[in-house]
Amino acid sequence: MAIVVAMCGFAHAADIKMAGKLVVPANTGVVAICTDPVVQNVLNEDLRAARHGLASNPENSVTLTVTVNQQLLAPGVSLNQMFPGDPSMVELLKAAGAQPPPLGDSGDQPIDPFAQQARRRAFYPDDTAAEEQFRAYEASQQALHGVNAPTPYSDIPKNQIYDTVIVARASLEGAADELKVVAVVHSGDDARRTKELVAEEIANAVLH
């Protein structure tokens, strides 16, 4: 499902995919608790609107718990960061049109210089002069071409270069079912608006 929303003359596009379901017993109210304030506000507004005109009964209500995780698809990110404890959500990410990162560290992070030096000494314990020369050369190359070296893109915000993935997991109190939502915010688009769309999808799943 692709959702495109025109707003104030600008187009905000997000690809959203869902799996699972939430079933609320008849005549039962829902109270939302979420780790993200944007999603929390939209859920509360939608749930209040659905209950408009109905008598409130706190004793006949269930809690909707929603956890939200947001990650840039930038070099260095891993599936363990994006989907902690649930690599099965990779299929939703693919369906939303994004290329999944590696399961572990992608290898684009800087190497620990102390660990690197220890490995070198283990292989060449007696070659001190060669080691010092190599370290000096390596330091100069790292400064010029390393992962932390300045590039023409250094001053551009990362969310203008890379896509952002928003992951939401929703569950109802006392129920085993779970709703999983993955949204891909394309570089330069509005992540806040995408969170609002994610919240609306969760609310629709609860109310219908």
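Is E91 buried or exposed? E91 is exposed, with a relative accessible area of 53%; exposed means over 50% relative accessible area, buried under 20% and partly exposed in between, with a 1.4 Å probe and protein chains only.

1. Basis. The model is predicted, and local features need pLDDT of at least 70, side-chain atom pairs count only at pLDDT 80 or more, and totals for chains, interfaces and linings use all residues. Residues are numbered from 1 along each chain as its sequence is written, and side-chain values use heavy atoms, with hydrogens and water left out.

2. Helix α1. Helices are DSSP runs (H or I, at least four residues) and strands are DSSP runs (E, at least two), both numbered from the N terminus. Helix α1 covers residues 37-50, and its 14 residues should span 20 Å at 1.5 Å a residue; the expected span is 1.5 Å times one less than the number of residues. The end C-alpha atoms are 20 Å apart, which agrees.

3. Buried residues in α1 are V38, V39, Q40, V42, L43 and L47. Their cover includes strands β3 (29-34) and β4 (61-72) and helix α6 (191-207).

4. D36. The N-terminal end of α1 is capped by D36, which has a side-chain oxygen 3.0 Å from the backbone nitrogen of V38. The side chain of D36 also meets that of K195 in a salt bridge (2.7 Å, N to O); a salt bridge is a side-chain nitrogen of Lys or Arg within 4 Å of a carboxyl oxygen of Asp or Glu. This pair links distant parts of the chain, since D36 is in the loop between β3 and α1 and K195 is in helix α6, 159 residues apart. D36 is buried, at 9% relative accessible area, and K195 is buried too, at 12%.

5. E91 and K94. A salt bridge joins the side chains of E91 and K94 (3.8 Å, N to O). The two residues are three apart in helix α3 (residues 90-95), and so are separated by about one helical turn. K94 counts as partly exposed, at 46% relative accessibility, whereas E91 is exposed.

6. Remaining salt bridges. The whole structure holds six salt bridges. One of them pairs E178 with R169, with the closest N and O atoms 3.3 Å apart. E178 is partly exposed, at 28% relative accessible area, and R169 is partly exposed at 25%.

Definitions and conventions:
Contact means heavy atoms within 4.5 Å. A polar contact is a pair of N or O atoms within 3.5 Å; within protein, one must be able to donate a hydrogen and the other to accept it, and residues adjacent in sequence count only if both atoms are side-chain atoms.
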